[in-house]
Amino acid sequence: MDRPEFAAAIKEKYVANGSGDMGQRFEVYDALFHTGSKLLEYFGSHEHICISVSGGSDSDCIVHLVCTYFPEFLDKIYFVFINTGLEYDATKRHLTDIEKRYGIEIKKIRGKSVVWAIREFGFPILSKEKSECIGGYCRNRPGYIRKVKQTGRYGFSDNQRKLAEYIKENGIKVSEKCCDYSKKKPILKFQKEHGIDLNVTGERKAEGGQRASAHKSCFEQSNKRMHADKYMPLWWWSNSVKAIFKKIEGIRFSDCYEVYGMTRTGCCGCPFAFDIAEELQALYEYEPRLFKACMNVFGQAYELTDRFKCRRKKCLPDSFQLSFGFKEGGD
Ligand code: SF4
């Protein structure tokens, strides 16, 4: 579909027959038109495109958009899922459903598992940056010692400092390296092997958090760190644009959303997740085997975060703390 055809198709669907008042209809139309125009430009100017499919709702929207409106590019697209070794059954089922619905193949690639990386280097805790600092602090690296002692917006709170101290004194291994080994390295290897020149991901500015300030636009050129260009088609989509797109296009997200009630899915059980308490509750109810695995792998990270009161909201409800034999209120 070229630009005028795409514009006509979405005008018909979203303005003439859309939902909401005229303002909302045009908001969705504008967002889609901008996305379609950029997609045509970037997909047209690259030869080997990799679309990351996580099984989450944002990548669902990208797959649907491409397969429904721009199938002429499918010959040069690889759809890729990275299996970290700790994946929701709902996600695995959903990938099969996507393959059937759109008649595509999603390549499942796997590096070292999260479990292996955590055994080797330690577990992640609080955030990527804080895990890196705590790991360096435990190894007495001066730069990291300075960072842990630093206060203010980008430094450590008193409670986080106490946690770092406790981790060091008790020889506990903390690291953010599972991300490198189970996600970044395997996708980089795939991209190099397949000569990928455009990497497509589902990040959206409206998700907020650190991601929102990590990019200035939906496209980034390759550089020393990134050997392929990067394009985020949904970068400017608001939550309401995404909700209307889902409704009008008749997209069904994975059971993680539709049945378990989760509002987002990331790496399963990751202690960085803002909504980790809700995620664990859903896992406990719907995927008890995976819940147990997450408690074995990340349990100490959840428990220490709660014990040192490093978050406003607990990772583990009290009933979970007690049933897993964690002590309350310190040593
Ligand atoms: S998202 Fe979290 S659990 Fe997943 S690989 Fe990265 S640090 Fe590890």
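**View 1. Helices α13 and α14 pack against each other at an angle of about 135°, with their axes 6 Å apart.** Helices (H or I, at least four residues) and strands (E, at least two) are DSSP runs, numbered from the N terminus, and α13 covers residues 276–286. Axes are lines fitted to C-alpha atoms, for helices over the stretch in contact, and angles run from 0 to 180 degrees between N-to-C directions. The angle makes α13 oblique to α14, given that angles under 35 degrees count as roughly parallel, over 145 as roughly antiparallel, 65 to 115 as roughly perpendicular and the rest as oblique. On the α13 side the contact is made by L280, L283 and Y284, and on the α14 side by P288, L290, F291 and C294, where two residues are in contact if their C-beta atoms, placed from the backbone, lie within 7 Å. The contact residues divide into seven nonpolar, no polar and no charged; here Ala, Val, Leu, Ile, Met, Phe, Trp, Tyr, Cys and Pro count as nonpolar, Asp, Glu, Lys and Arg as charged, and the others, Gly among them, as polar.

This is a predicted model, in which local features need pLDDT of at least 70 and side-chain atom pairs count only at pLDDT 80 or more, while totals for chains, interfaces and linings use all residues. Residues are numbered from 1 along each chain as its sequence is written.

**View 2. The buried residues of α13 are I276, E279, L280, A282 and L283.** Seen down the axis of α13, these buried residues fall within an arc of 160°, so they line one face of the helix; the arc is that of the directions from the helix axis to the C-beta atoms. A residue is buried if 20 or more other C-beta atoms lie within 10 Å of its own, exposed if 12 or fewer, and partly exposed in between, with C-beta atoms placed from the backbone.

**View 3. In helix α4 (residues 89–102), A90, H94, L95 and I98 are buried.** Seen down the axis of α4, the buried residues fall within an arc of 140°, so they line one face of the helix, whereas R93, T96 and K100 on the other side are exposed. The buried residues of α4 pack against α3 (57–69), β2 (77–82), β3 (106–109) and α12 (255–258). With 14 residues, α4 reaches 20 Å from its first C-alpha to its last, close to the 20 Å expected at 1.5 Å a residue, the expected span being 1.5 Å times one less than the number of residues. G103, whose phi is positive, near 65°, follows α4.

**View 4. R204 is placed in the loop between β4 (198–200) and α10 (209–214).** R204 counts as buried because it has 22 C-beta neighbours inside 10 Å. Not counting residues up to four places away in sequence, R204 touches D58, L234, W235 and W237. R204 and K177, by contrast, are 27 residues apart in sequence and 24 Å apart in space, C-alpha to C-alpha.

**View 5. L126 and K309 each have a positive phi in a residue other than glycine.** L126, with phi near 65°, is in the loop between α5 (114–121) and α6 (128–138), and it counts as buried because it has 23 C-beta neighbours inside 10 Å. K309, with phi near 50°, is found in the loop between α14 (288–307) and α15 (318–323), and its 15 C-beta neighbours inside 10 Å make it partly exposed.
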